[in-house]
Amino acid sequence: MGFLSDTTHFHIFTWVVGVIVFLVAAVMANGTKGKKITHMIARLFYVLILISGVALFIKGMDYGRGAEYGIKFLLGLLTIGMMEMVLVRSTKGKPVTMFWILFFVFFFATMFFGFKLPMGFEFF
């Protein structure tokens with residue numbers, strides 16, 4: 001259970017930090033060196049989120065709930081995609097309202113699936 005617990009905690013740590021870094025980068029002024037650096041840090045955390053997510057997805061197969069873990073993995077990919085679209089399009093001065101909406105929809109759907117599945121936390 002040690003690896004499973006460590007992987008789950010690492011995954012939660014990476015997405016929490018990744019979302020915070022994303023939000024910091026999103027509110028920074030365009031064209032600043034700080035925004036570019038923060039965006040690159042966010043991309044590093046996207047990779048860490050994906051690596052830990054793949055480890056959880058593979059471990060999720062042991063529970064016989066591969067389809068649900070697959071849906072969660074897909075929602076996570078879409079969430080990261082919307083995060084990147086918000087940052088890239090805002091840097092280019094293009095509208096990002098739809099991508100913000102999609103980010104929040106995918107983010108909360110991913111959280112719902114993640115906490116609902118056996119390796120998630122039980123709040124109630």
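User: Under 20% relative accessible area a residue is buried, over 50% it is exposed, and in between it is partly exposed. Which of these does K59 count as?

Analyst: In this predicted model, K59 forms a salt bridge with D62, their closest N and O atoms being 3.4 Å apart. D62 has 58% relative accessibility, so it counts as exposed. K59 has 29% relative accessibility, so it counts as partly exposed.

User: Is E84 buried or exposed?

Analyst: E84 and R43 meet through their side chains in a salt bridge of 2.6 Å, N to O. The pair links distant parts of the chain, with E84 in helix α3 and R43 in helix α2, 41 residues apart. R43, at 32% relative accessibility, counts as partly exposed. The value for E84 is 18%, and the cut-off is under 20%, so E84 counts as buried.

User: How many residues apart are K116 and E68?

Analyst: K116 and E68 form a salt bridge, with 3.2 Å between the closest N and O atoms. K116 lies in helix α4 and E68 in helix α3, which makes this a link between distant parts of the chain. K116 is partly exposed at 42%, and E68 is partly exposed at 21%.

User: Which element gives the most to the lining of the largest cavity?

Analyst: The largest cavity has a volume of about 470 Å³. Its lining has 29 residues, with H11, W15, K72, T110 and G114 nearest the centre. By class, 19 are nonpolar, nine polar and one charged. With eight residues, the element that gives the most is α3.

Key
Residues are numbered from 1 along each chain as its sequence is written. This is a predicted model: local features need pLDDT of at least 70, side-chain atom pairs count only at pLDDT 80 or more; totals for chains, interfaces and linings use all residues. Side-chain values use heavy atoms; hydrogens and water are left out. On a 1 Å grid over the protein atoms alone, a cavity is a set of points where a 1.4 Å probe fits but cannot get out, and a pocket is an open set with protein on both sides within 12 Å along at least five of seven lines; lining residues have an atom within 4 Å of a point. Grid points are joined across faces, edges and corners, and a volume is the space filled by probe spheres set on the points. Helices (H or I, at least four residues) and strands (E, at least two) are DSSP runs, numbered from the N terminus. Ala, Val, Leu, Ile, Met, Phe, Trp, Tyr, Cys and Pro count as nonpolar, Asp, Glu, Lys and Arg as charged, and the others, Gly among them, as polar. A salt bridge is a side-chain nitrogen of Lys or Arg within 4 Å of a carboxyl oxygen of Asp or Glu. Buried means under 20% relative accessible area, exposed over 50%, partly exposed in between (1.4 Å probe, protein chains only).
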